[in-house]
Amino acid sequence: MGRAYQNRKLSMAKTAGAKTKVYSKYGKAIYVCAKNGGVDPDGNLALRGLIDRAKKDQVPTHVIDNALKKASGAGGEDFVEARYEGYGPGNCMVIIDCLTDNGNRTIKDVRQCFTKTNSKIGTSGSVSHMFDQQAVFAFQGEDDESVLETLMMADIDVTDVELEDGIITVYAPHTEFFKIKTEFANSMPEYDLEVEEISWIPQNYIDVEGEENLANFEKFIAMLDDCDDVQNVYHNAEVKA
């Protein structure tokens, strides 16, 4: 699953829009996180993790600072979280997380992505029960056994540790995220974490096959990436290179 997870992340990055769109999505997410939990990263662990991911994705400092400054002021924009689920091309399962200040606009945009790619939007909970919310860490390395041993010695609940093509991927319950992040910083600083996030991991995968399904899948992901309100897309599709 580790290499497959990496490949999905890479394919998403390739179809992402302009950098300014990526910066905008991070700016919105940081604003909402700081508005809800406080602007101090030391007291808001979710915010700290989000800022760390933004920096890894080369989001400029001024974008982060502006979002924090905006969140510290009175009033401001009223964004809410929205999650949509359904079946994408080839009958793969999809979860779409959004931040929106206009729910009618967002559902219209997301529904159009499904409609134009021979897909079907579902109701809340229609596919999420087939995913597990997991903390995911991925990095270059070869000694997955020592990584597992270190985490277990720290009394951390680990779901799985996989090694594929020189990439070690750690999966754990999402509640263990900050314990694992701290353990890497303290006990395994030699590893440069390329992925550190809480993600929806599918319990099983489906091969998307056929020229029409493959073309629709690429179009589906591209259309979702172009939606300003879409923050993250999770799916169980396996697409052969």
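Mentor: Start with burial: a residue is buried under 20% relative accessible area, exposed over 50%, and partly exposed in between, with a 1.4 Å probe and protein chains only. By that rule both Phe114 and Phe220 are buried. This is a predicted model, in which local features need pLDDT of at least 70, side-chain atom pairs count only at pLDDT 80 or more, and totals for chains, interfaces and linings use all residues. Residues are numbered from 1 along each chain as its sequence is written, and side-chain values use heavy atoms, with hydrogens and water left out.

Trainee: Why is the pair of Phe114 and Phe220 called edge-to-face?
Mentor: Rings of Phe, Tyr and Trp (its six-membered ring) pair if their centres lie within 6.5 Å; planes under 30 degrees apart count as stacked, over 60 as edge-to-face and the rest as tilted. The search of the whole structure finds 8 aromatic pairs. In the pair of Phe114 and Phe220 the ring centres are 5.1 Å apart and the planes stand at 70°, so it is edge-to-face.

Trainee: Which parts does the pair of Phe114 and Phe220 tie together?
Mentor: Helices (H or I, at least four residues) and strands (E, at least two) are DSSP runs, numbered from the N terminus. Phe114 is in helix 5 (residues 103–115) and Phe220 in helix 8 (residues 211–225), so the pair ties together parts that are 106 residues apart in sequence.

Trainee: Which residues do ring pairs link into a cluster?
Mentor: The cluster consists of Phe137, Phe139, Phe177, Phe178, Phe184 and Tyr191.

Trainee: What makes Lys70 count as lying over the face of Tyr31?
Mentor: The rule asks that NZ of Lys or CZ of Arg be within 6 Å of the ring centre and within 35 degrees of the ring normal. Lys70 lies over the face of Tyr31, at 5.6 Å from the ring centre.

Trainee: What makes Lys56 and Glu196 a salt bridge?
Mentor: A salt bridge is a side-chain nitrogen of Lys or Arg within 4 Å of a carboxyl oxygen of Asp or Glu. For Lys56 and Glu196 the N to O distance is 3.8 Å, and their side chains meet in a salt bridge. Lys56 belongs to helix 3 (residues 45–56) and Glu196 to strand 7 (residues 195–202), so this pair ties together parts that are 140 residues apart in sequence. By the same rule the count comes to 9 salt bridges.

Trainee: Where does Lys181 lie, and what does its salt bridge with Glu196 tie together?
Mentor: The closest N and O atoms of Lys181 and Glu196 are 2.4 Å apart, and the two form a salt bridge. Lys181 is in helix 7 (residues 177–187) and Glu196 in strand 7, so the pair ties together parts that are 15 residues apart in sequence. Lys181 is buried, and so is Glu196. Salt bridges link Asp52, Lys56, Lys181, Asp192 and Glu196 in a network.

Trainee: How do you know that Glu176 and Lys179 form a salt bridge?
Mentor: Their closest N and O atoms are 3.8 Å apart. Glu176 has 10% relative accessibility and therefore counts as buried, while Lys179, with a relative accessible area of 39%, is partly exposed.

Trainee: Why is Ser128 called buried?
Mentor: Its relative accessibility is 18%, so Ser128 counts as buried. Ser128 lies in the loop between strand 3 (120–121) and strand 4 (131–140). Contact means heavy atoms within 4.5 Å. Not counting residues up to four places away in sequence, Ser128 touches Glu85, Ile95 and Trp200.

Trainee: Is Asn118 buried or exposed?
Mentor: Asn118 has a relative accessible area of 60%, so Asn118 is exposed. Asn118 lies in the loop between helix 5 and strand 3.

Trainee: What is the phi of Asn118?
Mentor: The phi of Asn118 is near 55°, a positive value in a residue other than glycine. Most residues other than glycine have a negative phi. Asn91 is not a glycine either, and has a positive phi of about 70°; Asn91 is found in the loop between strand 1 (80–87) and strand 2 (93–100).
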